[in-house]
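Q: Could you walk me through this model? I would like the overall picture, then a few local details.

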Amino acid sequence: MKQILKKLKLNHLQYQNNQLFIENVNVSALAKKHGTPLYVYSEHAFLNPLKELQKALQPLSYTICFAMKSNSNLQILKLLKKNGCGIDTVSGGELFRCEKAKIPGKDIVLSGVGKSESELKYALNYRDTGIRSINVESEGELELLQKIAKKEKKKVKIALRFNPNINAKTHPYLSTGLKKEKFGLDKNEILNLTKKWHQFPDLELQGLSIHIGSQIFEMKPLKDAFLETKNFLLQLKERGFPIKMVDLGGGLGVKYDASNNKEKVMSIPEYGKVICSIFKNMGKDFHVCIEPGRTLSGNAGILLTKVLYEKKRGGKSFLIIDGSMSELIRPALYQAHHEIIPAILQGTKTQNTDVVGPVCESGDFLALDRDFPKSRPNDVLAVLSAGAYGMTMSSHYNTRPKPAEILVSKNKSKVIRKRETYEDLIKGE
Ligand code: LLP
């Protein structure tokens, strides 16, 4: 178990006298006080990669826009804001969260293949100033945005989302930069649009955005996409567009599976170097945005759950826990691997185990066929690397209230979202 923490480089988690701590807080105590299932985040683990990214991009004029789809808790947004981070949004709801966290418009970008009229209007009027960039993904969206801009008498800063047709070599559900996928506009589509730009007098084309996928482990596809985007930007500049920014998306993979050697995480300094070397000579007013999600949030969170029952059948054990696909859908949806470790180490005996939830689906598992330490009812387990796309993708399936969320900083912990009640579940019905 200690080996797992070491291999995943989760420095904010460690066993002290066989008890698991997140920063300086005992996770068993948190489970006891707040109940399970329970999301717990480490402030330190959020800020560490942020600082690394900030350092790596120092030579440029840049904004790091955290992809809040990976974790949208208001206190997390405030924490990141306080530490110099902007936000990447994808919906009106996410813009609303930004407004509540008092994120300035200049630090926000809006992406998304299907923004509605009211969402575009929201972005355009966000705190009166609008936002840094609306990343437009289709001709229809451009036309609608022009119509809104004219009506609202506003000039709107936009980027076009470029689909470079580059394979990010990730899970097919997480790839977004191939022509066959719904995202962005290909080169010809963009060139054709620029020919009729007089139809969009209130839209200022300031650059391009890309995002070729998520959970990427190879630098090459990212580098290829960045280079292609730069060349395309220069071409657009030659055509007279006031090019002054690029948004490079997110996508860096994090290590989830301690024994999978293919999950080799890219170094942030290396990633920064590639970006700086490609974009450094674009002029001193040129601005680079990146949209890391998982890079900041992935390792920062754990999901604490409690063993309810153990069932044995044919040499195999099922640990039935109180966490499920409703709280963490990644294993069910992407066959994603999450390491699971006990909150208290007791003995070294392991057995082949499926760790499954109470939801009425065979896909409701958090781990299959694991060699797992023998556990008993009431034991607390920590599902690791659950900070990204955990709580934000949780659902009420089987009418399960959403878990509470806790933020830990050194030896302090605070509730940053209350556990839902049954009454919360029927609000509005
Ligand atoms: N920018 C855009 C436009 C995106 O669509 C995404 C993620 C990001 C940035 C952040 O990507 P990241 O740095 O986190 O890889 N639910 C999946 C991941 C879906 C990612 C969607 N887009 C999962 O649990 O693995």
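Q: What share of the 429 residues of the chain counts as buried?
A: Of the 429 residues, 58% count as buried, where buried means under 20% relative accessible area, exposed over 50% and partly exposed in between, with a 1.4 Å probe and protein chains only. Bear in mind that this is a predicted model, in which local features need pLDDT of at least 70 and side-chain atom pairs count only at pLDDT 80 or more, while totals for chains, interfaces and linings use all residues. Residues are numbered from 1 along each chain as its sequence is written, and side-chain values use heavy atoms, with hydrogens and water left out.

Q: And how many helices and strands?
A: The chain has 13 helices and 20 strands, taken as DSSP runs (H or I of at least four residues for helices, E of at least two for strands) and numbered from the N terminus.

Q: How much of the contact set comes from residues 24 or more positions apart?
A: Such pairs account for 71% of the contacts with a separation of 6 or more, a contact being heavy atoms within 4.5 Å.

Q: Can we look at one such place, say L60; where is it?
A: L60 is in the loop between α3 (43-56) and β5 (61-67), and it is buried at 13% relative accessibility. Its C-alpha lies 7.3 Å from that of H287, although the two are 227 residues apart in sequence. Leaving aside residues up to four places away in sequence, L60 touches I275, C276, F279, K280 and V288.

Q: Switching to rings, how many aromatic pairs are there?
A: There are eight aromatic pairs in the structure, counted for rings of Phe, Tyr and Trp (its six-membered ring) with centres within 6.5 Å, where planes under 30 degrees apart are stacked, over 60 edge-to-face and the rest tilted. The pair of W197 and F200 is edge-to-face, because the ring centres are 5.2 Å apart and the planes stand at 65°.

Q: Are those two buried or exposed?
A: W197 is buried with a relative accessible area of 11%, and F200 is buried as well, at 1%.

Q: Which residues do ring pairs link into a cluster?
A: Ring pairs link Y39, Y41, F46 and F66 into a cluster.

Q: Which peptide bond is cis?
A: The bond from T36 to P37 is cis, with omega near -10°, and P37 lies in the loop between α2 (27-34) and β4 (38-42). As background, most peptide bonds are trans, and most residues other than glycine have a negative phi.

Q: On phi, what about S385 and N398?
A: S385 has a positive phi of about 50° although it is not a glycine, and N398, also a residue other than glycine, has phi near 65°. S385 sits in the loop between β18 (380-383) and β19 (404-409), and N398 lies in the loop between β18 and β19 too. S385 is buried at 0% relative accessibility, whereas N398 is partly exposed at 33%.
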